[in-house]
Amino acid sequence: MKLAKITKSIILILCCLISVSAFAHGVDEETQSFLTSNKGVAFGPFLYIGAKHMITGYDHLLFLVGVIFFLFRTKEIITYVTFFTIGHSATLLLGVMADINVNTYMIDAIIGLSIVYKGFDNMGGFKKVFGTQPNTKAAVLVFGLFHGFGLATKLQDFKFDKEGLFTNLLGFNLGVEIGQFLALGLVLLILTFWRQYPSYFKFSQITNIVLMAAGFLLFGYQLTGYFIS
């Protein structure tokens, strides 16, 4: 009976993810209009857009949930999130400033796989299957680079004015960090509450299976978009 309930819950979560996966990097019409019409420095609006984008960026948040799922010390959480931040900040700035073009669907497909990787890693999959454990900090940094290119690619889709570009990008990047901080704060509150109960470890494997399934779903969605676009 319990297994049936858990299975139904997983299916429900996946259905919800299917419905929102198309909007993981969605940009509403108001934001699109602003980005295409803006002229010159607009630090504040870009900061707001960056924060909103991160809070609604389900792929980034799912990856970070995987990263912090088994981290219990504040120092460890800060360390791993810092590695991720360094990675995505570097490629976000480099990608836009150097006008490095990456296919949107392919980079988002890789981001989907990063979620699969973290869920698999959390279940000890690498040790069980391959007999070795990759450097987790290095993996978070590398995937952070891909996540940053995802952000850069989305910005490059809009041919906005280049005047004040660096200042605007700094605003956007700071906004992303603020959004990440707020979203992670909420996630940590939920995880901290859940960790008080035995079910946290009891269902940890199922939780990470759901995480992997969500990553595969996002990967498949983006790959489908690549082939039919």
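The term means a side-chain nitrogen of Lys or Arg within 4 Å of a carboxyl oxygen of Asp or Glu. In general, side chains of opposite charge can pair when their charged atoms come close.

Before going on: this is a predicted model, where local features need pLDDT of at least 70, side-chain atom pairs count only at pLDDT 80 or more, and totals for chains, interfaces and linings use all residues. Residues are numbered from 1 along each chain as its sequence is written, and side-chain values use heavy atoms, leaving out hydrogens and water.

Where does the pair sit? Asp 121 and Lys 118 are three residues apart in helix H6 (residues 104-122), so about one helical turn separates them. Both are buried, meaning under 20% relative accessible area; exposed is over 50%, and partly exposed is in between (1.4 Å probe, protein chains only).

Now the whole protein. It has eleven helices and zero strands. Helices (H or I, at least four residues) and strands (E, at least two) are DSSP runs, numbered from the N terminus. Of the 229 residues, 44% are buried.

Last, the surface. A nonpolar patch there includes Val 41, Met 97 and Leu 182. Patch residues have over 30% relative accessible area and no salt bridge; like charges are joined within 9 Å, nonpolar side chains (Val, Leu, Ile, Met, Phe, Trp, Tyr) within 5 Å. Which helix gives the most to the nonpolar patch? H9, with six residues. Leu 182 lies in helix H9. At 49% relative accessibility, Leu 182 is partly exposed.

Technical notes. Areas by Shrake-Rupley, 256 points an atom, 1.4 Å probe, with all protein chains shown as cover.
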